[in-house]
Amino acid sequence: MLSLIFNTNPINIHYASFYNRLTNSLCLDFGSPLKLVNISEPIIPNDRYVKLKTRMCGICGTDLGVLGIRTSFPNTFKKRKGPIFLGHEIVAEVTEVGKAVSKFKIGDRVTIGDDKNCETFGLESCVFCRDGLPVLCINKHKREYYENIGAGWSEYFVRHENQLFAVPDDVDDDTAVLMEPVAASLHAVLRSPPGENDNILIIGAGTIGLGIVSAIRSLGIESIKITVLGRHEFQRNEAHKLGADHVVNEISMYDKLAEILDTPILGEGGNQILNKGFNYVYDCISSTTSIDNGLRWLSPRGNLIVVGMSETPKSIDFTLVARRELNILGTHGYAHDSWENVRQHTIARCIDWINNGRLKIDSLLTHKFPLSDYKNAFKVATSHYSANGLKPEPNKTIKVAFDYAL
Ligand SMILES: [Zn+2]
Ligand SMILES: [Zn+2]
C-alpha cells in the first residue's frame, strides 16, 4: 500500500530542523524525513481491532508541527523506534474485523477518535477513562503501542473498535473528514460553556477557531456576541458566515476591541487592559503574545480557554490573573461532554448535530489532493503561515485533505 511515513532517524530530523529554520518552509525534498513509500498492509493485531481503507484524511496543525520539527517534538522523536504514521482526521471504510469486534461490520463508513483509552491497550480502566475522559488517562506510561498500524496518510490502517464512530449516509466524506477537528472546537466550548449575554473573543481563525464559532452558535443562545481576531481576510469572511458578530485583524486591535465592547482602555505602552473585557477568550494560537493579550482582554472573573499549543509561552504577566480573579482552562482534543443533560462523546455529538443541521461547518474544507501530490498539499496547507497577513493569502486555505478517490 502507499503510505506517507515520517522517519525518525536523527540525521533526517536534524537536517529537516535546520532546513525549516533556514528557509521558513517545510523540508519536503532531498534529506526530508517524510517519504512516500510502498509497504505491506497492516495486520489486525488483536481481536478487538478493525482494518480500514482510508477514504479521506485531513492535514492538521499538529501534523505540520511534527513536519516542522517545532516545540518539544525532537524529544518525542527520540523515543520512537520505527517511523511515525501521521494523519488523524480520517473518514474510512471497514474492510476486515477482528473476531471479538461487536459494533462494526465490513463496509461501514466511520470516522476515528484519536483518544485511546485504557481498554484500547487491554488495561484495567483508570479513573479518567472510566469517566469517559481518556485524554486525561493516568495509565499512559503503562501502554504498549503496536508498531506499523498505519494512519490516515496510508491507504490502510488498523484501529481498536472503541476508536470508531459510524458516519450516517447523509453525511458525505467532505463533511465527515472535518468531524475530528470540529470535535476539538466543540469540546473547547463544552468544557465551560458560555451563557446568556456573554461576550466572546476567539483569537485565531483557522479550522479550530472557525469551528468554535460554529460550536458556540450550535448551543442556540442568541444573546452571545462573538468577535473573531483573524489574520487573513478570507478567514474573517468565513467567521462572519458561520455566525461571528464582529471580525477584526491585528491592526489597532485594542482600539477595535474597546469599541466593540464600548469600554475604555486602561494603562499605557505595553501594559494596557480592556476595562470591561470579554467573558471568554478562546486562544487558538497560544503563543506568548496571544496568551498575554488574552489575559489583558478578559473581564474580571473572565475565562481564558487555552486551545492551541504552538510554543512554550514566556514572560506572561500573571498578576492580572490574581488581581482580576481570572480563570485559565486548558482543553485538548475531545472526550465525553455534557450538554442539555446528555453526556456524549464529542465526536458522536458532532455527527448527530451536523446530521440534524444544528452544527454548520460546510465550507471549512477548501482543498483536496491525492496522496501522491503531498508536496503541493503541504505547500498549500502552510501557504498562510509565512504570508504577510496584511496581503491576501493566495490559496485561501482553511482545511486541506488527502482524497483517496482522486
Ligand atoms: Zn489534529
Ligand atoms: Zn486510562
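Thr227 is buried, with a relative accessible area of 0%; buried here means under 20% relative accessible area, exposed means over 50%, and partly exposed lies in between (1.4 Å probe, protein chains only). This residue belongs to strand 10 (residues 225-229). Helices (H or I, at least four residues) and strands (E, at least two) are DSSP runs, numbered from the N terminus. Leaving aside its neighbours within four places in sequence, Thr227 is in contact with Ile200, Leu201, Ile202, His246, Val248, Leu257, Ile260 and Phe278, where contact means heavy atoms within 4.5 Å.

The model is a predicted one, in which local features need pLDDT of at least 70 and side-chain atom pairs count only at pLDDT 80 or more, while totals for chains, interfaces and linings use all residues. Residues are numbered from 1 along each chain as its sequence is written, chains are lettered from A and ligands numbered from 1 in the order in which they are written, and side-chain values use heavy atoms, with hydrogens and water left out.

Gly302 is found in strand 15 (residues 298-306). Its contacts, leaving aside neighbours within four places in sequence, are Phe278, Asn279, Leu326 and Asn327. Lys276 is 26 residues away from Gly302 along the chain, and the C-alpha atoms of the two are separated by 9.9 Å.

Stepping back to the whole chain, there are 14 helices and 20 strands. With 406 residues, a compact globule would have a radius of gyration near 22 Å, and the 21 Å of the chain agrees with this. The radius is taken over C-alpha atoms, and the globule rule is 2.2 Å times the number of residues to the power 0.38. Along its principal axes the C-alpha trace spans about 65 × 50 × 40 Å. Buried residues make up 54% of the 406 residues. Of the contacts between residues at least 6 apart in sequence, 70% join residues at least 24 apart.

The chain exposes about 18700 Å², of which carbon and sulfur atoms supply 51%; the areas come from the Shrake-Rupley method with a 1.4 Å probe, and for residues only the protein chains shown count as cover. There are 44 positive and 46 negative side chains, and the centres of the two sets lie 5 Å apart. Lys and Arg count as positive and Asp and Glu as negative, with His and the chain ends not counted. Each charge is placed at NZ of Lys, CZ of Arg, CG of Asp or CD of Glu.

Among the strands, 3 form an open antiparallel sheet in the order 2-1-4. Its edge strands, strand 2 (34-38) and strand 4 (84-85), each pair on one side only; two strands pair if DSSP finds at least two bridges between them. Strand 1 (residues 2-6) meets strand 2 in the antiparallel sense over 5 bridges, and Ser3 stands opposite Val37 there. Elsewhere, strand 3 (residues 49-58) and strand 5 (residues 89-97) are antiparallel over 8 bridges, with Val94 as the bridge partner of Leu52. Strand 5 also pairs with strand 6 (residues 109-112) in the antiparallel sense over 3 bridges, where Glu93 has Arg109 as its bridge partner.

Helix 12 (residues 346-355) is mostly covered, with 7 of its 10 residues buried. Trp353 and Cys350 are among them. Gly357, with a positive phi near 85 degrees, follows helix 12.
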